[in-house]
Amino acid sequence: MGDLYEEYDNSLTIFQLGRLGEEAAAAAIILRGYVIMGTQVRVRTPIGLRIIDYIAIGPDGPHAFEVKVNNSPYSDLQSRKDNLIYGGAGVSAGYLNPNFPYGSRIPAMPTTVERVQCRMSPVIC
């Protein structure tokens with residue numbers, strides 16, 4: 001059973017590290033002049049659900065940000081869904097964000113992959 005608990009504890013650490021990486025990315029996005037309008041925004045596309053880490057408004061209009069911590073991959077499926085959203089084919093599928101009410105059309109926007117490097121011990125992003 002020790003292995004199970006060690007693995008479970010490690011996955012919690014990885015989850016926490018991911019959250020810290022997302023917080024560091026949010027700070028960088030804000031420093032570049034964007035205003036974050038939504039986090040973990042659920043968007044329905046013709047090929048499935050896409051959860052966008054951040055949607056922000058900046059000098060160049062609306063923008064989606066996908067945060068990748070360390071060497072996390074940006075999958076082909078994520079890229080295809082993001083291209084559909086960029087083409088205007090996204091509809092809000094979440095209930096919790098007043099800026100993107102359920103069923104509303106998500107504005108066409110490009111996606112930037114925001115890469116963050118973090119260390120586990122001590123945790124530094």
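Visitor: Is Arg 50 buried or exposed?

Guide: The model considered here is predicted. Arg 50 is found in strand 2, which covers residues 48–58. A residue counts as buried when its relative accessible area is under 20%. The relative accessible area of Arg 50 is 5%, and therefore Arg 50 is buried.

Visitor: Which residues does Arg 50 touch, not counting residues up to four places away in sequence?

Guide: Contact requires heavy atoms within 4.5 Å. With residues up to four places away in sequence left out, the residues that Arg 50 touches are Val 41, Arg 42, Val 43, Thr 45, Glu 66, Tyr 74, Gln 78, Lys 81, Asp 82 and Ile 85.

Visitor: With which side chains does the side chain of Arg 50 make a polar contact?

Guide: A polar contact needs a pair of N or O atoms within 3.5 Å. Another, at 3.0 Å, links the side chain of Arg 50 with that of Glu 66.

Visitor: What is the volume of the largest pocket, and which residues are the closest to its centre?

Guide: The volume of the largest pocket is about 220 Å³. This pocket is lined by 14 residues, and the closest to its centre are Gly 18, Glu 22, Asp 53, Glu 66 and Val 67.

Visitor: Which elements give two or more residues to the lining of the largest pocket?

Guide: The lining of the largest pocket comprises four nonpolar, four polar and six charged residues. The elements that supply two or more residues to this lining are helix 1 (2–31), strand 2 and strand 3 (61–69).

How values were computed:
Residues are numbered from 1 along each chain as its sequence is written. This is a predicted model: local features need pLDDT of at least 70, side-chain atom pairs count only at pLDDT 80 or more; totals for chains, interfaces and linings use all residues. Side-chain values use heavy atoms; hydrogens and water are left out. Helices (H or I, at least four residues) and strands (E, at least two) are DSSP runs, numbered from the N terminus. Buried means under 20% relative accessible area, exposed over 50%, partly exposed in between (1.4 Å probe, protein chains only). A polar contact is a pair of N or O atoms within 3.5 Å; within protein, one must be able to donate a hydrogen and the other to accept it, and residues adjacent in sequence count only if both atoms are side-chain atoms. On a 1 Å grid over the protein atoms alone, a cavity is a set of points where a 1.4 Å probe fits but cannot get out, and a pocket is an open set with protein on both sides within 12 Å along at least five of seven lines; lining residues have an atom within 4 Å of a point. Grid points are joined across faces, edges and corners, and a volume is the space filled by probe spheres set on the points. Ala, Val, Leu, Ile, Met, Phe, Trp, Tyr, Cys and Pro count as nonpolar, Asp, Glu, Lys and Arg as charged, and the others, Gly among them, as polar.
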